[in-house]
Amino acid sequence: MSGDTINLTLHVWRQPGPKAAGRLVRYQAGGVSTHMSFLELLDVVNEGITARGEEEPIAFDHDCREGICGMCGVVINGVAHGPQAATTTCQLHLRHFRDGDTLFVEPWRAGPFPVLKDLIVDRSAFDRIIEAGGYITAPTGGAADANAIAVPKESADRAFDNAACIGCGACVAACPNASAMLFTAAKLSHLAALPQGQPEREKRTLAMVATQDRLGFGACTNIGECAAVCPKSIPMESIARMNRELLRASLRRGRGRG
Ligand code: SF4
Ligand code: FES
């Protein structure tokens with residue numbers, strides 16, 4: 001190590017395709033800057049792989065690299081998005097590791113998120129849950145004036161906090177039940193808090209919860225790993241709210257009002 005650089009040993013999951021067998025492959029990353037993000041570390045490792053021409057570069061998902069899009073995400077030493085709380089993999093910097101560390105880098109592990117290649121998993125099951133929620137009823141025509149619909153501050157804050165979910169899937173990867181409830185709860189809690197979310201409130205709740213169950217995500221048993229790894233700090237309280245929404249929707253449907 002010299003100055004702001006460290007030496008790392010990586011064991012990265014390599015899997016050529018969805019049906020191929022995977023294995024951990026060892027790579028040495030020497031003299032990497034502690035100012036680099038984790039994805040930049042993978043870029044450096046990939047440059048070495050490309051220069052040697054021995055194999056294909058490591059495939060991994062990314063887009064914004066600013067903690068916004070939800071595309072990135074790997075398990076680092078058993079923790080989804082790595083050791084830094086409330087941080088996406090792309091915003092995780094190497095200063096959080098020590099010189100000489102050995103890191104095991106794996107894709108999300110969950111039945112509904114099958115591995116496509118190396119560190120990339122298919123998260124389209126989340127898209128199916130969102131689709132099941134459908135659209136909200138909104139008048140068409142010219143754009144409404146800002147603040148034309150009054151929203152209590154507490155509701156606006158709750159909606160905004162839950163809207164912070166970026167759909168990364170770390171919650172599913174961390175949960176021993178592969179539950180998607182933190183994700184679904186964030187989406188439902190966001191709209192349920194707002195006036196615009198009221199017309200389809202029950203229908204949306206029932207459809208999204210039924211879809212997550214149908215796609216093979218597990219139930220919540222209050223372990224809390226999901227919230228612990230969530231880069232946007234979506235709280236477990238959102239799951240409790242979703243359960244209340246589900247009860248409300250089920251009762252209203254039973255009375256023919258859902
Ligand atoms: S709830 Fe958190 S961990 Fe789960 S998808 Fe949303 S941002 Fe990612
Ligand atoms: S690449 Fe967009 S959140 Fe990480």
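Close-up 1. Ala85 counts as exposed because its relative accessibility is 59%; the label exposed applies over 50% relative accessible area, buried under 20%, and partly exposed in between, with a 1.4 Å probe and protein chains only. The model shown here and in the other views is predicted, so local features need pLDDT of at least 70 and side-chain atom pairs count only at pLDDT 80 or more, while totals for chains, interfaces and linings use all residues. Residues are numbered from 1 along each chain as its sequence is written, chains are lettered from A and ligands numbered from 1 in the order in which they are written, and side-chain values use heavy atoms, with hydrogens and water left out. Ala85 sits in the loop between β4 (79-80) and β5 (102-106); helices (H or I, at least four residues) and strands (E, at least two) are DSSP runs numbered from the N terminus.

Close-up 2. Phe38 belongs to helix α1 (residues 38-52). With 0% relative accessibility, Phe38 counts as buried. Setting aside neighbours within four places in sequence, Phe38 is in contact (heavy atoms within 4.5 Å) with Val74, Ile76, Thr89, Leu92, Leu94, Phe97, Leu103 and Val105.

**Close-up 3. The largest nonpolar core.** In soluble globular proteins, nonpolar side chains tend to be buried together. A nonpolar core here is a set of buried Ala, Val, Leu, Ile, Met, Phe, Trp, Tyr and Cys residues joined through side-chain atoms within 4.5 Å. The largest one has 35 residues, and Trp108, Phe113, Phe126, Val172 and Phe217 touch the most other members. Two or more residues each come from α2 (124-133), α4 (170-174), α5 (181-192), α6 (201-214), α7 (225-229) and α8 (237-254). Which element gives the largest share of this core? That is α5, with six residues. Another core, of 28 residues, lies apart from it and includes Tyr27, Leu39, Ile58 and Ile76.

**Close-up 4. Where α5 packs on α8.** The axes of α5 and α8 are 8 Å apart and meet at an angle of about 70°; axes are lines fitted to C-alpha atoms, for helices over the stretch in contact, and angles run from 0 to 180 degrees between N-to-C directions. The two helices, α5 and α8, are therefore roughly perpendicular, a label for angles of 65 to 115 degrees (under 35 is roughly parallel, over 145 roughly antiparallel, and the rest oblique). On the α5 side, the contact involves Met181, Leu182, Thr184, Ala185, Leu188, Ser189 and Ala192, which meet Ser238, Ile239, Arg241, Met242, Asn243 and Glu245 of α8. Ser238 is buried, at 1% relative accessible area. Beyond neighbours within four places in sequence, Ser238 is in contact with Asn162, Ala185 and Ser189.

**Close-up 5. Two loop residues with positive phi.** Arg65 is not a glycine, yet has a positive phi of about 55°. Arg65 lies in the loop between α1 and β3 (75-76), and is partly exposed at 24% relative accessible area. Ala178, also not a glycine, has a positive phi of about 50°. Ala178 is in the loop between α4 and α5 and counts as buried at 12% relative accessibility.
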